[in-house]
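Visitor: Could you take me on a close look at the charged side chains here, and at how covered or open they are?

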Amino acid sequence: MLCAISGESPQTPVASRKSGNVFERRLIEAYIMENGTDPVTNEELTIDDLIDLKSSHTVRPRPPTLTSIPSLLSVFQNEWDALALETYTLKQQLLQTRQELSTALYQHDAAVRVIARLSRERDEARDALSKVTMNGGPVANGDSMQIDSQELSEALAAKVDATQERLSKTRRKRAVPEDWADADNIQSLKSKKISGSLYPGSRLLALDKSGDLALLGGSDGVAGVFSVSQNEVLQTLKGGGGSITDGLWAADRAVIATSTGNVKIFDGGSEVFGFSAHAGKAASIALHPSGEILASVGVDKSYIFYDLESSKVATQVYTDSALTAAAFHPDGHLFAAGGTDGQIKVFDVKSGANVANFESSGPIQSLSFSENGTWLASVTEGENSISIWDLRKSAQIKSLEIGSLVSGIRWDYTGQFLMAAGPSGVSVQQYSKATKEWTELLRSGTEAVTGEWGPRAQSIVTLGPDGSITEFTQS
């Protein structure tokens, strides 16, 4: 018989009731006291589970001192027993460590493969999402809006073509109206605050064709129609939750967008229909020159065209970044959308194809096409300048330094004057075709979030940070 721990013939052999292995009593008792298990099977083991075995053995004399050879041999035996027990324990720990390491390496390898697969599926989903359209949400009257393709319907495409043909033919030959403001008129404008705080937190100001009705909206989800001449709110429009993010006039109907993704249209102060196709904030809206197509952009990385005649979604196109600003080309065949990635993406209205991209240094805050049909102005969040882009050259041709933060811009109808509004005031820049130079005609310290040109550019109406209205006139 050999001890399962030391591998030697035991002096006092015992056997385990559970595993049947033979051990040297002193070795197994020391192991049980330390670990409480069988050293071979790792089952729970107590000293009571040990059975003494009878065997013939020679009784060794007790060494009197360490000065004799027998006593030294006894000490060496004890040290050997301890060393054998320790070596056995280390072997077991090494085996366990190897098993744990093998398991950890297998799990790591499996995790790497899973991460690679999920990353690939994510990239494929993003790519597919940027190329396909999705189902829109319900409109106010409950009709479902199924979006089948990125292209507009034949009827809407025909309207886009007709509008472009009609407007592009007369654009270059169009003369400046006789009663339009000139440089002297702009320079003589003086500001006059005409209202107190109407809609705190508002960033929306849109004037109707008469220049008297101003569409405003605040952070409480309520918009209103304010009469500049009467200095009073004529209509209150409820956005239905969230803050009012943008708005415009579609003929005599008011249109607003909200941070909850709703786009609502009002006639005479009453909501006539609405859309909720965006999965998140609807950041900006724009009206096609035909007056029959409405566009909205949102943080869900999509832009949506609405058919105002049928009150349905016409198409929804997804991009690769959240969109914050929108504008139609004055001829109506192009649509520009600015994103949080600093890109201005220009799309073909009919097909939804991305025909051009302009790179800016940060999130786009405002866009405005010039009536000359070739220039696009943009404002980047936190910048003191306005970028002028040439659509023909697909490049930036001018950076207008305003000297203070700019939050909103507007070209006038003739494309001569570009107004900039910001927290430090209002500025009007003029471009001269004769000298091909820019000149600042007006600079006012009146704080403004955004602004609009009045009739014939003879006045300017601005919205202050506190929601108040200021009018710039020549009187």
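Guide: Arg 443 comes out as partly exposed, with a relative accessible area of 45%; here buried means under 20%, exposed means over 50%, and partly exposed is anything in between, using a 1.4 Å probe and protein chains only. This is a predicted model, so local features need pLDDT of at least 70 and side-chain atom pairs count only at pLDDT 80 or more, while totals for chains, interfaces and linings use all residues. Residues are numbered from 1 along each chain as its sequence is written, and side-chain values use heavy atoms, leaving out hydrogens and water.

Back to Arg 443: its side chain meets that of Glu 440 in a salt bridge, at 2.7 Å from N to O. The term covers a side-chain nitrogen of Lys or Arg within 4 Å of a carboxyl oxygen of Asp or Glu. Glu 440 is partly exposed too, at 35%. As a rule, side chains of opposite charge can pair when their charged atoms come close.

The whole structure holds 21 salt bridges. One of them joins Arg 26 and Asp 81, whose closest N and O atoms sit 2.2 Å apart. That pair ties together distant parts of the chain, 55 residues apart: Arg 26 belongs to helix α1 (residues 25-35) and Asp 81 to helix α2 (residues 69-131). Helices here are DSSP runs of H or I with at least four residues, strands are runs of E with at least two, and both are numbered from the N terminus. As for cover, Arg 26 is partly exposed at 31%, whereas Asp 81 is buried at 6%.

Now try Lys 264 and Glu 271, another salt bridge, with 3.6 Å between the closest N and O atoms. For something beyond simple pairs, pick out Arg 171, Arg 174, Asp 331 and Glu 371, which are linked in a network of salt bridges.

For contrast, go back to helix α2, where you'll find Phe 76.
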